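Hello,

Here is the structure we spoke about. My notes on its pockets and on one pair of helices follow below.

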Amino acid sequence: MKRALINILLLLSGIVSGWFLNYFYNKPQTDRERAIIQIKPRPLDKYSIENLNILDVAPVKIEIGDTLKNDGDFTSSLFSFVFDPTLSGNKIKKVTGLINIPSGKGPFPAVVMLRGYVDQKLYKTGDGTKRAAEYFAKNGFITIAPDFLGYAGSDKESDNIFESRFQTYTTTLILLKSLKSIEVWDGQNTFIWGHSNGGQIALTILEATGKSYPTVLWAPVSKPFPYSILYYTDESDDGGKLIRRELAKFEDQYDTDLYSITEYLNRITAPIQLHQGTSDDAVSKDWSDTLIKILKGQGLTPSYYIYPGADHYLQPSWNIVVARDLKFFRKNFIIN
């Protein structure tokens, strides 16, 4: 009798042990992951559009420096701010740029201006945005254009070519969050203007924040990453060898879709105005046609202007373009 009882207890013990082991190894993946110490994230994970979307960005102080120009209608000055482009809290860097403030007491609305590609060796503060920025400033808008890391008086950019690209997003996010430190800003009217690759940055910001910043795009780079980079590799001194080599390493570790604006266009809620020239040799009209079609398919009502014979800088239609931009900004102005 005693032996029989022992056998029963051993049998029950085996059954319980088997059930426990089966449960542990076959329970849902999410439960099993909770039982495992998290693996340290890869360094560029934080720059995915999904992760930029959940950032809690802290504002910094925008310091206005030397005055460069005062023509009576507005004052142009250098500005700078220090921040952590890596979002890790331990790598503080300085970014410089150009700010135009209209004459008068204010308060004034603000336009954050994002330029396209300019060779670092040739770049000067304000290149790519200066002319349009002065036009908007004369008409009562603060304009603020960052140089970005590696340009003009800014600190050195990341040695990783992709991190350097992604940090234009964190720079812009922190700049937008920090406008409150400009005393004459009206506190609620923020617009975005982006040209070429600056248009790609603008679209990324609209996706990452989900906010309705009224945005003007001049011939934006709107193709998926990394094609948006590979398309221009023939302009590199080495014909794009370095970029392709680094891209192979990147794709071995990361899902490029997580960094591509075309995967997140459905997050855009902002009013958009897009300008495209038919003789643009840097951004194909087909790209803008497709972008507008997608946005309209999502129920948005973007304004789309096509300029026959206009180049990448919207010449010879520049005057018409900026006048339409100004009208767009005023149409989307929030009145207290």
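**Pockets and a helix pair**

Helix α5 gives the largest share of the lining of the largest pocket, seven residues. The model is predicted, so local features need pLDDT of at least 70 and side-chain atom pairs pLDDT 80 or more, while totals for chains, interfaces and linings use all residues. Residues are numbered from 1 along each chain as its sequence is written, and side-chain values use heavy atoms, without hydrogens and water.

Helices (H or I, at least four residues) and strands (E, at least two) are DSSP runs, numbered from the N terminus. A pocket is an open set of points on a 1 Å grid over the protein atoms alone, where a 1.4 Å probe fits, with protein on both sides within 12 Å along at least five of seven lines; lining residues have an atom within 4 Å of a point.

The largest pocket has a volume of about 1600 Å³ (the space filled by probe spheres set on the points, which are joined across faces, edges and corners). Its lining has 39 residues, and Tyr117, Val118, Tyr151, Ser236 and Ile243 are the closest to its centre.

The second largest pocket holds about 310 Å³. Of its 16 lining residues, those closest to the centre are Leu173, Lys177, Thr209, Lys211 and Tyr213. Strand β6 (185-195) supplies the largest share here, four residues.

Finally, Arg165, Thr168, Tyr169, Thr172, Leu173 and Leu176 in α5 meet Asn197, Gln200, Ile201, Thr204, Ile205 and Thr209 in α6 (contact means heavy atoms within 4.5 Å).

Regards
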